[in-house]
Amino acid sequence: MATLANTSPVRIQEADFDVAAELATLQAGRTDVGAVASFVGCVRGGTPGEAVSALTLEHYPGMTERAIEAMVAQAQARFRVLDARVVHRVGRLLPGERIVLVAVASTHRWDAFQACEFLMDYLKTHAPFWKKETTPAGEAWVDARVADDEALARWGIASANASPGAP
Amino acid sequence: MKLQLRYFASLREALGPGGELEWPADVALPATAGALRDWLARQSEAHARVLASQRLVRVAVDQVMAGPTTPLREGAEVAFFPPVTGG
């Protein structure tokens, strides 16, 4: 991957991010990128009966960055990735706000789409963040979903985040 | 012998953020993350409830995802937390 030795492809921050600016960095100073695929996750406002007024994200400082960097390294090993960027916000977010950006640059689209989806499935089940919703009923931690473990399993990675049993 | 213990999310709300655990020099550390969880579960009613073996609790050792059989060494940082919900 064409990143500088001490520039991480991963940032954890409270502040919002500029999607266009982040995508632009994947092509800065190079013309070998033929495909940039990206995903943005946002805060949903909940169903009419259970409006979410805020989402608060906690994380494990130090581990979070390392964990996602390791996932990016795996994506590079599995797919032809020229560069990647992951930005994940923490703290108190409101409905409609951006939470996470995953972006991948490749020479062709298949690797870019695959690596992007792979990184999201991996992040959902292995990155140490925890979400807490604020609704009219009070605050409640969001439950992990078995469907996310199943999504990661489709890449051949055994996952037991929301499921019983050791991974 | 010391370990650095950390809790996150609902475990942190129930048990506090964690801190340093120390065992006398002549007492063996819990050998694995699972053994530590079992030891912690015996420390109070709140610990027993939150760390009960049937509860889904994940563990990291030295900031890397681990499991119940992951061995512990002197000075290790061990974190317990609910299933993750990022992204």
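In this predicted model, the contact between the two chains draws on 32 residues from chain A and 23 residues from chain B. About 2200 Å² is buried between chain A and chain B, and carbon and sulfur atoms account for 56% of that area. On the side of chain A, Y60(A), M63(A) and W130(A) together supply 31% of the area that this chain buries against chain B, which is more than any other three residues.

The elements of chain A that give two or more residues to the side touching chain B are β5 (54-59), α2 (63-78), β8 (98-106), α3 (109-126) and β9 (129-135), and the largest share, five residues, comes from α3(A). Two salt bridges are found across the interface of chain A and chain B; in one salt bridge, the side chains of E13(B) and K132(A) meet at 2.4 Å, N to O.

Strand β8 of chain A also holds S106(A), a residue that is buried, with a relative accessible area of 0%. The side chain of S106(A) reaches the backbone oxygen of R80(A) at 3.0 Å. When neighbours within four places in sequence are left aside, the contacts of S106(A) include D32(A), V33(A), G34(A) and A35(A), as well as R80(A), V81(A) and L82(A), together with D111(A) and A112(A).

In α4 of chain A, which spans residues 146-153, the residues D148(A), D149(A), A151(A) and L152(A) are buried, and because they cover an arc of only 155° around the axis, they lie on the same side of α4(A). The partner against which these buried residues of α4(A) pack is α3 of chain A.

In chain B, helix α2 (residues 33-41) has A33(B), G34(B), L36(B), R37(B), L40(B) and A41(B) as its buried residues; their arc around the axis is only 160°, which again puts them on the same side of the helix, here α2(B). An α-helix has 3.6 residues a turn, so residues three or four places apart point the same way. The buried residues of α2(B) pack against β1 (2-7), β2 (18-22), α3 (45-50), β3 (58-61) and β5 (77-81) of chain B.

Definitions and conventions:
Residues are numbered from 1 along each chain as its sequence is written. Chains are lettered from A and ligands numbered from 1 in the order in which they are written. This is a predicted model: local features need pLDDT of at least 70, side-chain atom pairs count only at pLDDT 80 or more; totals for chains, interfaces and linings use all residues. Side-chain values use heavy atoms; hydrogens and water are left out. Buried means under 20% relative accessible area, exposed over 50%, partly exposed in between (1.4 Å probe, protein chains only). Helices (H or I, at least four residues) and strands (E, at least two) are DSSP runs, numbered from the N terminus. The arc is that of the directions from the helix axis to the C-beta atoms. Contact means heavy atoms within 4.5 Å. Buried area is the accessible area (1.4 Å probe) that two parts lose on being put together, summed over both. A salt bridge is a side-chain nitrogen of Lys or Arg within 4 Å of a carboxyl oxygen of Asp or Glu. A polar contact is a pair of N or O atoms within 3.5 Å; within protein, one must be able to donate a hydrogen and the other to accept it, and residues adjacent in sequence count only if both atoms are side-chain atoms.
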